[in-house]
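I opened this model to see how its inside and its surface are put together. My notes follow in the order I looked things up.

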Amino acid sequence: MSQPYPNSPQQPQSPYPAGGGKQPAQYPAPMERVPSNEPEHPNQPGQPNEQEQPGQQGQHAQAAADPSREALLKVRSEVAKAVVGQDSTVTGLLIALLTRGHVLLEGVPGVAKTLLVRALSEALSLDTKRVQFTPDLMPGDVTGSLVYDTHTSEFSFREGPVFTNLLLADEINRTPPKTQASLLEAMEEHQISADGVTRQLPAPFVVAATQNPVEYEGTYPLPEAQLDRFLLKLTMPVPPREDEIEVVRRHSVGFDPRELSAAGIVPVASAQDLEKARHAVSGVAVSDEVLGYIVDIVRATRSTPSFQLGVSPRGATALLKTGRAWAWLSGRNYVSPDDVKTLTLPTLRHRVSLRPEAQMDGVEVDDVLGTILSTVPVPR
């Protein structure tokens, strides 16, 4: 099992009290981490770092008291009423919403990917739509198309499912590249063009695309240009035994994943809270040393022998955005090297490509990124 990064907050103990009655913790779930032989940092997320200056502690207190931050942290509690053991994925989706990014979810069928997106939209009072990507799906089925109105004898535009706040693109790699490409403009520009007319998408707009990590027959791998449009790639593992028992227990007493209202999920944040939070995230301070650290990590991916494709400058800006959002969710008004380390794997793992010989040797992308993190000098 992987261990926390050096000098990063310790992995919290189980956030649930003993004796049942699971209640989610009121702090962001830690993202995925890499091995390290260095000692752990003693502080928990949201606590001042021992090396902080007095001014930084004041910034920390100001960020921790932000009402919009408190509202977004409550979202995790609401989603946990329907989805068990996926706190880090919920946090990743919140980071995407805070930075106007998109998320690629990778997990086997049945780990609650669809339920998670529906529960998140319910807790945030956002509209959500789901598209099942199939080999015969056409671009117009996603973006919308012109239809002929027999009453007016004119063509009118009928909006596709992309006109929503949270779009669940289920099994996106099962549709041909032509249909995959229909999302490129929407993901990058938050707009679509049809018949020479540009139409803006609702705000916020986030694509949560899923793909199966074990079944590739009859699929169309996403090209690098489209993978680079995703801010994060999150893995949704099969839950551990205790969480799986809780899932089965909930179903045994009548839980129906199609009836979220019965689970007791209520809106605890809104699009207005997200907009305020985005403004706060954009004000999170980043020192020149941390900026250099981000660039050094990205440049190291371009020279490592295991990668035939390294991270582009867009990946560096993505790591900056996610690090800022994570720092703000953790209650700080500045980005630390630990924030960069925490978000490196989910932000960069889909932006690199292994060499064939490395794949034959069984090398994993996360292992190579972990090695890079252990060799790139950390600013102090």
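**Entry 1: overall.** I am working from a predicted model. I counted the elements first: the protein has 15 helices and eleven strands. Next I checked burial. Of the 380 residues, 50% count as buried. The accessible surface comes to about 17800 Å², and carbon and sulfur atoms hold 51% of that. I also looked at contact range. Among contacts with a separation of 6 or more, 79% join residues 24 or more positions apart.

**Entry 2: the cores.** I looked up the largest nonpolar core and found 74 residues in it. L72, L97, L98, L120, L124 and W328 have the most contacts inside this core. Which helix gives the most to it? It is helix 12, residues 313-329, with eight residues. A second, separate core has 23 residues, including V142, A186, F205 and F230.

I then picked L98 and listed what it touches. Leaving out residues up to four places away in sequence, L98 meets L72, L274, A277, R278, V281, A325, W328 and L329.

**Entry 3: T347.** I went to helix 13, residues 337-348, where T347 sits. Is T347 buried or exposed? T347 counts as buried because its relative accessibility is 0%, and the cut-off for buried is under 20%. What does the polar side chain do there? One of its polar atoms lies 2.6 Å from the backbone oxygen of L343. Beyond its neighbours within four places in sequence, T347 contacts L231, L232, G315, A318, L319 and T322.

**Entry 4: helix 15.** I listed the buried residues of helix 15, residues 365-375. They are V365, V368, L369, G370, I372 and L373. I thought about the spacing. An α-helix has 3.6 residues a turn, so residues three or four places apart point the same way. What covers these buried residues? The cover includes helix 11 (288-303), strand 10 (307-309), helix 13 and strand 11 (353-354).

**Entry 5: surface patch.** Last, I checked the outside. L146, Y148 and F155 form a nonpolar patch on the surface. Together they have about 330 Å² of accessible area. Y148 belongs to strand 3, residues 144-149. Why is Y148 called partly exposed? Its relative accessible area is 46%, so Y148 falls between the 20% and 50% cut-offs.

Terms used: Residues are numbered from 1 along each chain as its sequence is written. This is a predicted model: local features need pLDDT of at least 70, side-chain atom pairs count only at pLDDT 80 or more; totals for chains, interfaces and linings use all residues. Side-chain values use heavy atoms; hydrogens and water are left out. Patches are made of residues with over 30% relative accessible area and no salt bridge: like charges are joined within 9 Å, nonpolar side chains (Val, Leu, Ile, Met, Phe, Trp, Tyr) within 5 Å. Accessible areas come from the Shrake-Rupley method with a 1.4 Å probe; for residues, only the protein chains shown count as cover. A salt bridge is a side-chain nitrogen of Lys or Arg within 4 Å of a carboxyl oxygen of Asp or Glu. Helices (H or I, at least four residues) and strands (E, at least two) are DSSP runs, numbered from the N terminus. Buried means under 20% relative accessible area, exposed over 50%, partly exposed in between (1.4 Å probe, protein chains only). A polar contact is a pair of N or O atoms within 3.5 Å; within protein, one must be able to donate a hydrogen and the other to accept it, and residues adjacent in sequence count only if both atoms are side-chain atoms. Contact means heavy atoms within 4.5 Å. A nonpolar core is a set of buried Ala, Val, Leu, Ile, Met, Phe, Trp, Tyr and Cys residues joined through side-chain atoms within 4.5 Å.
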